[in-house]
Protein chains: 2
Amino acid sequence: MQEILSSVAAEIRIDLAERSYPIVIGSGLLGDSGIYQDIPTAATALVVSNTTVAPLYAAQLTQALQQRYDKVLLVTLPDGEAHKDWPTLQLIFDVLLENGCDRKTVLFALGGGVVGDMTGFAAASYMRGVPFVQVPTTLLAQVDSSVGGKTAINHPLGKNMIGAFYQPLKVICDLDVLATLPSRELSAGLAEIVKYGPIADMEFLSWIESNLESLLAREPRAMAHAIQRSCEIKAWVVSQDERESGLRAILNFGHTFGHAIESGLGYGEWLHGEGVGCGMVMAAHLSERLGLVDKLFTERLTHLVQRCGLPVRGPVLSSSDNAGRYLELMRVDKKSEAGEIRFVVIDGPGKAAVRSAPDAMVRSVIDLCCA
Amino acid sequence: MQEILSSVAAEIRIDLAERSYPIVIGSGLLGDSGIYQDIPTAATALVVSNTTVAPLYAAQLTQALQQRYDKVLLVTLPDGEAHKDWPTLQLIFDVLLENGCDRKTVLFALGGGVVGDMTGFAAASYMRGVPFVQVPTTLLAQVDSSVGGKTAINHPLGKNMIGAFYQPLKVICDLDVLATLPSRELSAGLAEIVKYGPIADMEFLSWIESNLESLLAREPRAMAHAIQRSCEIKAWVVSQDERESGLRAILNFGHTFGHAIESGLGYGEWLHGEGVGCGMVMAAHLSERLGLVDKLFTERLTHLVQRCGLPVRGPVLSSSDNAGRYLELMRVDKKSEAGEIRFVVIDGPGKAAVRSAPDAMVRSVIDLCCA
């Protein structure tokens, strides 16, 4: 690939009335001060990053922002889902207050989903709301957590339990940063991309199957398309249901089983995308047992998840009653109502639905899918 | 007064499009299950109260709610502004998660402003938003913190720094609970009522002056009118500026100086309303020095604040440079922009404005007003 100073491959508009915002996808964006020109000025900008990403990209971003903000602060959080908690969130508030930051201060989330979720929640809560910009540096964050305005931290008793719906001013997906992404994280990001096939667009699923080698090789053109299409589908869903009262739940395909795995093993053991990959396989099996898809569909999805480099068998969370432990963990899911677990299932290829299922059926799926 | 089972004296509608809600003012409301009939049902209701209020009214409220909710939980927080912090907020999340509460769970804030602010922020953040109802039990909460959707907790470096704009489903102002209110808290509530005169309605100020004895005697008819008119004025302001970008700032008359006093002495030393009462006197002096009101106006307001049983002289916060300490504390106020303090001043009787003022002028007011 020839060197490009800054090139926009695609721009998607998330349409949410007065909270609408653009997602820009391209190369060399992060360090290009021009890309921030539509963000309101203020005395101060605060870049929130983590110990892994900050050494790689914070200087570039800071330099670009210094052309618009008198003071550009940086706070570097410890890396990982295990730190998506209140004490770490406090580090952001501490910097803001110690520097006398007012309510016009703009926060920039430079990192993966954890940094994005925490920065977003900090922005939603600081002085009851300050503006923020997402600069996602993982594939997963680019296709998933940067769209839809979900922000949160974890509680010891559940993932993403404390948070807010809060929209960024802009999302900047720089394809260049994917070059430094560990391959395990690349696979985790692919899980969320694959997800959009079965729930909404089987043509896109076929495209992924045909182009998986290019995606695994991080070819910018393939990446740009995969990110764009994923964001478009998510944007379509979110614009119809911003606060997750109905349709939006389909975006959680694979997440009910996935969250149980993540929380059962302890956050950080499996990556979120790994849980989702394996969770989609389990949810496909459940859909099959509910008579909604055939065996071939489950096999096709399982094969693709495996080709992405993702686990297709769930971990054993309890040696005494493994299925019982999964059920227990899934009952605290935010989609649960009055203790009944609501699963996102595939209701025929390309269409998702939310259903409950008999415990015995869920148990048989867990028994079948766990190593 | 004859015994009334339940009687609504007034109902005010806060008009915020899809987030509109009613404030009901009357006697015997809290324990009347009929008053909760328009609140959505759910498996669980959680009453949040504190160690002072729960023994007095939690049983009544719980009993009324049990007719609509299978499970009514109660969490009793430690009382006071000093506990308006994250560890105390966590107590609410802990109860919700330990009981597997879903996102339809309704929270009921039973207490003063601190309980209301914390319950509101917990409701805004739990699973990114669950419904909540305000049942304010102090005069201050009834006229002030129950209207406008401001929720927050304190940060060691500033009051109300972490929070959300989040509207309740309904606010229930039961006049009967004022009977058990300590007289110091009654005075604190009167401060916020008096506030609406100078900023918006001089006729109301005259009415307060004429009826202050009835208010201090907690006569229901006078109380109902004072609460209703205060809520109406606040509602009118809030409906025009929900997220505090302009006009709404006038509601903070007396609060800039007041917050400095509260935070300088340590939260809980002075009541919020005491800080506001004294802060209004200081802000009146500042308005006078800015040439916006005459000496007579300042004297009239000072006299009324004093008759309410409120302090009219500020505490000394630093023996070396008292005015400097006030200025330092006021600079972290949320209305500040780029380090410049924005004061709510009276721009002629019945009209407020937001202005900055030279440090020397502010210092002279502080020197004049502090004991």
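**Close-up 1. Strand β9 of chain B, covered on both faces.** In this predicted model, strand β9(B) has buried residues on either side, with B:K170, B:I172 and B:D174 on one face and B:V171 and B:C173 on the other. Five of the five residues of β9(B), which spans residues 170-174, are buried, so the strand is largely enclosed by the rest of the structure.

**Close-up 2. The strands that pair with β9 of chain B.** Strand β2 of chain B (residues 21-27) pairs with β9(B) in the parallel sense over four bridges, and B:I25 has B:C173 as its bridge partner in β9(B). Strand β6 of chain B (residues 132-136) also pairs with β9(B) in the parallel sense, here over two bridges, and B:V133 stands opposite B:K170.

**Close-up 3. The seven-stranded sheet of chain A.** In chain A, seven strands form an open sheet with mixed pairing, in the order β1-β2-β9-β6-β5-β3-β4. The edge strands, each of which pairs on one side only, are β1 (7-14) and β4 (71-77), and the twist from one strand to the next averages 15 degrees. Strands β1(A) and β2(A), the latter covering residues 21-27, pair in the antiparallel sense over seven bridges, with A:I23 in β2(A) as the bridge partner of A:I12.

**Close-up 4. Helices packed on the sheet of chain A.** Helix α2(A) packs on the sheet, where it touches β3 (44-50) and β4 of chain A, and its direction makes about 160 degrees with that of β4(A). Helix α7(A), residues 220-240, packs on the sheet as well, touching β1, β2 and β9 of chain A, and its direction makes about 10 degrees with that of β1(A).

**Close-up 5. The crossing of helices α9 and α12 in chain A.** The axes of α9(A) (residues 272-289) and α12(A) (residues 359-369) come within 10 Å and cross at roughly 135 degrees, which makes α9(A) oblique to α12(A). Their crossing is right-handed. From α9(A), the residues A:V281, A:M282, A:H285, A:L286 and A:R289 meet A:M361, A:V362, A:V365, A:L368 and A:C369 of α12(A); by class, this contact has eight nonpolar, one polar and one charged residues.

**Close-up 6. The side of chain A that touches chain B.** Here 33 residues of chain A are in contact with 32 residues of chain B. The elements of chain A that give two or more residues to this side are α2 (86-98), α3 (113-125), β7 (150-155) and β8 (158-165), and β8(A) gives the most, with six residues. By class, this side of chain A has 15 nonpolar, eight polar and 10 charged residues.

Key
Residues are numbered from 1 along each chain as its sequence is written. Chains are lettered from A and ligands numbered from 1 in the order in which they are written. This is a predicted model: local features need pLDDT of at least 70, side-chain atom pairs count only at pLDDT 80 or more; totals for chains, interfaces and linings use all residues. Axes are lines fitted to C-alpha atoms, for helices over the stretch in contact, and angles run from 0 to 180 degrees between N-to-C directions. Angles under 35 degrees count as roughly parallel, over 145 as roughly antiparallel, 65 to 115 as roughly perpendicular and the rest as oblique. A crossing is left-handed if the near helix is turned anticlockwise from the far one by less than a right angle, and right-handed if clockwise. Two residues are in contact if their C-beta atoms, placed from the backbone, lie within 7 Å. Ala, Val, Leu, Ile, Met, Phe, Trp, Tyr, Cys and Pro count as nonpolar, Asp, Glu, Lys and Arg as charged, and the others, Gly among them, as polar. A residue is buried if 20 or more other C-beta atoms lie within 10 Å of its own, exposed if 12 or fewer, and partly exposed in between; C-beta atoms are placed from the backbone. Two strands pair if DSSP finds at least two bridges between them.
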